[in-house]
Amino acid sequence: MATSSTIRENLQQVRQKIEAAARRASRKPEEILLIGVSKTHPPDAIHEAYNAGLRHFGENRVQEWEGKLTAVADLQATWHLIGHLQSNKAARAAKAFHSVDSVDDWSLAQRLDRAQAEKRTVEKLRVLIEVHMGGEETKSGVSDADLPQLAERVMTLPHLEFAGLMCIPPLHENPDEVRPFFETLRKLKEKLEAHIARPLPTLSMGMSHDFEAAILEGSTEVRIGTAIFGTRPKNP
Ligand SMILES: *Cc1c(COP(=O)(O)O)cnc(C)c1O
């Protein structure tokens, strides 16, 4: 496990790389939100990263996150669900997260909307639609053909704030091979914006090994685990 000093140092390095990539793309570093992916790591690691300035965290399992939540409830941070969500866990997810970044199904969106309504807060639950990018690694995500209809429907739900798109591209060691998938998602967002006649602020793409390529293609949110928290155990 990474020690506190390495989490702080890792974070600093990641921030520097984000800034450099933003500069190369003639973009402002502030346009890019850093989400630290803390899945499999203990609440202590989240505290360390928080103390080093990190304010957004991503987890991929509702149950794991519920187990950590009380230990980090004192932190003024934003919690993102970034992993695939089954409809039957929607209510729990709406309670435990501020944002669900992996919506790929209409019944799931409806359940999230209902659960958010039951929270009796004026705040909406932020959601991103996950788009399937081909490849065998992940089966989650909506196809690009079904994206416009799902987006239109999600926009009708009063307790959800549809903010943009997310993708997990097929695994490649070489970030240059991943870059075309990032370009595809950016273009899908632009097409969708024209279709729904409103801008979408968020493009969530880029992980530890490819976030610089994602920033060059317009990413506004990078989800970084290993490069901040160290390697994860194989079978958590
Ligand atoms: C685990 C995970 C990440 C972070 O992956 P790293 O390679 O450790 O940076 C990002 N996004 C999703 C959806 C993940 O499940």
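Strands E1 (residues 33-37) and E2 run parallel and are joined by two bridges. From E1 the chain passes through helix H2 (residues 43-51) to E2, in a right-handed β-α-β crossover. This is a predicted model. The briefing below starts with these strands, moves to the ligand, and ends with the chain as a whole.

**Strand E2 and its neighbours**

- Gly36 sits opposite Phe57, a residue of E2.
- On its way from E1 to E2, the chain goes through H2, and the crossover is right-handed.
- E2 also pairs with strand E3 (residues 78-81): four bridges join them, and the two run parallel.

**Side chains along E2**

- Which way do the residues of strand E2 (residues 56-59) point? His56 and Gly58 point one way, while Phe57 and Glu59 point the other way.
- In a regular strand, side chains alternate between the two faces of the sheet.
- Are His56, Phe57, Gly58 and Glu59 buried or exposed? All are buried.
- Buried here means that a residue has under 20% relative accessible area.

**The ligand and its surroundings**

- Which residues surround the ligand? They are Val37, Lys39, Ile82, Ile168, Met207, Ser208, Arg223, Ile224, Gly225, Thr226 and Arg232.
- Gly225 takes part through its backbone, where a polar atom is 2.8 Å from an oxygen atom of the ligand.
- How much of the ligand does the protein cover? On its own, the ligand has 390 Å² of accessible area, and the protein covers 91% of that.

**The whole chain**

- The secondary structure comes to nine helices and eight strands.
- The chain is as compact as a globular protein of its length, because its radius of gyration is 17 Å, close to the 18 Å that the globule rule gives for 236 residues.
- The C-alpha trace spans about 45 × 40 × 35 Å along its principal axes.
- Of the 236 residues, 48% count as buried.

Note on methods
Residues are numbered from 1 along each chain as its sequence is written. This is a predicted model: local features need pLDDT of at least 70, side-chain atom pairs count only at pLDDT 80 or more; totals for chains, interfaces and linings use all residues. Side-chain values use heavy atoms; hydrogens and water are left out. Buried means under 20% relative accessible area, exposed over 50%, partly exposed in between (1.4 Å probe, protein chains only). Two strands pair if DSSP finds at least two bridges between them. A crossover is right-handed if, with the strands pointing away from the viewer, the path from the first strand over the helix to the second runs clockwise. A residue is near a molecule or strand if one of its heavy atoms lies within 4 Å of it. A polar contact is a pair of N or O atoms within 3.5 Å; within protein, one must be able to donate a hydrogen and the other to accept it, and residues adjacent in sequence count only if both atoms are side-chain atoms. Accessible areas come from the Shrake-Rupley method with a 1.4 Å probe; for residues, only the protein chains shown count as cover. The radius of gyration is taken over C-alpha atoms; the globule rule is 2.2 Å times the number of residues to the power 0.38.
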